[in-house]
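Today I open my notebook on a new structure. I will jot down what I look up, one entry at a time.

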Amino acid sequence: MSERRARVWACIDAGKGHHWAAAVDETGSTLWSKKTDNGETAILTAMGEILDLADKVSWAVDISGTSSALLLALLAAHGQQAVYVPGRTVNRMSGAYRGEARTDARDAYVIAETSRQRRDFAAIDVPAQLAADLALLTAHRSDLVADRGRMINRLRDVLTGVFPALERAFDYSSQKGALVLLTGYQTPAALRRRGQARLTAWLANRSVRGADTVAATAPEAAQAQQTALPGEDIAARIVADLAAQILALDNRLKRVDKQIRDTFRGHPQAEIIESLPGMGPILGAEFVVAAGDLSAYADAGHLASAAGLVPVPRDSGRRTGNLHRPKRYSRRLRRVFYMSAQTSIIREGPNRDFYLKKRGEGCKHVQAVIALARRRASVLWALLRDGRAFTSAPPATQAA
């Protein structure tokens, strides 16, 4: 242990409360293995002990999320670069070593050995402040959207049990007026007592757009059901509470969307990203978070491959040209390109023309959208490389 090596490979099996760090030499022998608390002082102490082992230390981690954020920031602050070893790779590599036991110490050793034997793992870059802000905001927005969908489904389920006609009358995921209605009236008897005229005035006082339409539809549903079902009073209070929560959640989403938009437009390449049809500030922010540093992609094909838009060959012997859908790719990056491509075909332009061309060739909707997303990945990469905004007409070529 006192002899200083030329190079060692150190790995941290990251956890929320503590990490387990291990270091191996060029022969695979364990030089150092300890449990380390997830705190600045403990991490710096372990880092110093490992750096004293060799002139060069290659670092690897199995988690690049929030539980390893402090660890990665401290490594970057001290000029150390870490690579990411996926958990699936670690799980498969564990079977290549003797024994069936699974401990943090053994996982750390396996990760260190895997990083020593392979050179193709992606390096982890600590994001800049703007990228870190966008990552937190977009993740928070995704949680709010998921909560909204859950509450909408719960509201429809409860309302179906006591007033199915009213549940069918509106699309509560997109009609704010219907949610406002449910905060005050949830049963057929209450709607019949109120009447259409007074219901219209009640909705108009709450700034409901199309109050007369909502007020005309709800009494029709009330007239279709004259029977009061069991549990109606309790269900009415639950529906009113859920409707109020959804309206409050919509206001929170508006504030978060504005914050994402303002933060994203501080990015130096925001104008270029937004110039691509279908790529608004929300999807643009998700692209910045999912793609990371574009210098990591040698060409547009690498960016498309990271998004899972490039088929993977599965050839064997005389079987060639056998392509299949990839399994390992960034789901978030693929979603950005797919959603932006689907949005871009709504309006006339080169995106819609390309989509219709693929449909004319016999592609189904999803296949045509994926083909368009692959083309858009190349276009966006070229725009960011050249530092210019998107135009429908191709740029003029100049003679060499």
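**Entry: Thr-187**

I looked up the neighbours of Thr-187 and found that it touches Phe-163, Glu-232 and Ala-236, leaving out residues up to four places away in sequence. Contact here means heavy atoms within 4.5 Å. Thr-187 sits in the loop between α7 (176-184) and α8 (188-194). Helices in my notes are DSSP runs (H or I, at least four residues), numbered from the N terminus. Is Thr-187 buried or exposed? Thr-187 is buried, at a relative accessible area of 10%. My cut-offs are under 20% relative accessible area for buried, over 50% for exposed, and partly exposed in between (1.4 Å probe, protein chains only).

**Entry: what kind of model this is**

I note that this is a predicted model, in which local features need pLDDT of at least 70 and side-chain atom pairs count only at pLDDT 80 or more, while totals for chains, interfaces and linings use all residues. Residues are numbered from 1 along each chain as its sequence is written, and side-chain values use heavy atoms, with hydrogens and water left out.

**Entry: domains**

I wrote down the division of the chain: domain 1 (3-123), domain 2 (134-259) and domain 3 (268-384). These bounds come from an automatic or database domain assignment. The C-alpha centres of domain 1 and domain 3 are 34 Å apart.

**Entry: helix α13**

Next I turned to α13, residues 281-291. How many of its 11 residues are buried? Nine are, and the helix is mostly covered. Among the buried ones I listed Ile-282, Leu-283, Phe-287 and Val-288. Glu-286 is on that list of buried residues too. The buried residues of α13 pack against α5 (129-162), α11 (232-264), α12 (270-275), α15 (331-344) and α17 (365-386). Just after α13, I found Gly-292 with a positive phi of about 70 degrees.

**Entry: α13 with α15**

A reminder to myself: two packed helices are described by the angle between their axes and the distance between the axes. The axes are lines fitted to C-alpha atoms, for helices over the stretch in contact, and the angles run from 0 to 180 degrees between N-to-C directions. For α13 and α15, the axes come within 9 Å and cross at roughly 150 degrees. The two helices are therefore roughly antiparallel to each other. My angle classes are under 35 degrees for roughly parallel, over 145 for roughly antiparallel, 65 to 115 for roughly perpendicular, and oblique for the rest. The crossing of α13 and α15 is left-handed. Left-handed means that the near helix is turned anticlockwise from the far one by less than a right angle; clockwise would be right-handed. On the α13 side, the contact includes Leu-283, Glu-286 and Phe-287, and on the α15 side it includes Arg-332, Val-336 and Ser-340. By class, the contact of α13 with α15 has nine nonpolar, one polar and three charged residues. I count Ala, Val, Leu, Ile, Met, Phe, Trp, Tyr, Cys and Pro as nonpolar, Asp, Glu, Lys and Arg as charged, and the others, Gly among them, as polar.

**Entry: α5 with its partners**

I checked α5 against α13 and got an angle of about 120 degrees, with the axes 9 Å apart. That pair is therefore oblique. The crossing of α5 and α13 is left-handed. Its contact includes Leu-134 and Arg-141 of α5, with Ile-282 and Glu-286 of α13. Its residues divide into seven nonpolar, one polar and two charged.

For α5 and α11, the angle is about 160 degrees and the axes are 9 Å apart. That makes α5 roughly antiparallel to α11. Their contact has 22 nonpolar, five polar and nine charged residues.

Ala-341 lies in α15. It is buried, with a relative accessible area of 0%, and it touches Val-369, Leu-372, Ala-373 and Arg-376, not counting residues up to four places away in sequence.

Ala-139 is in α5 and is partly exposed, at 35% relative accessible area.

Where is Ser-207? I found Ser-207 in the loop between α9 (196-205) and α10 (211-223). It has a positive phi of about 60 degrees although it is not a glycine, and Ser-207 is exposed, at 66% relative accessible area.
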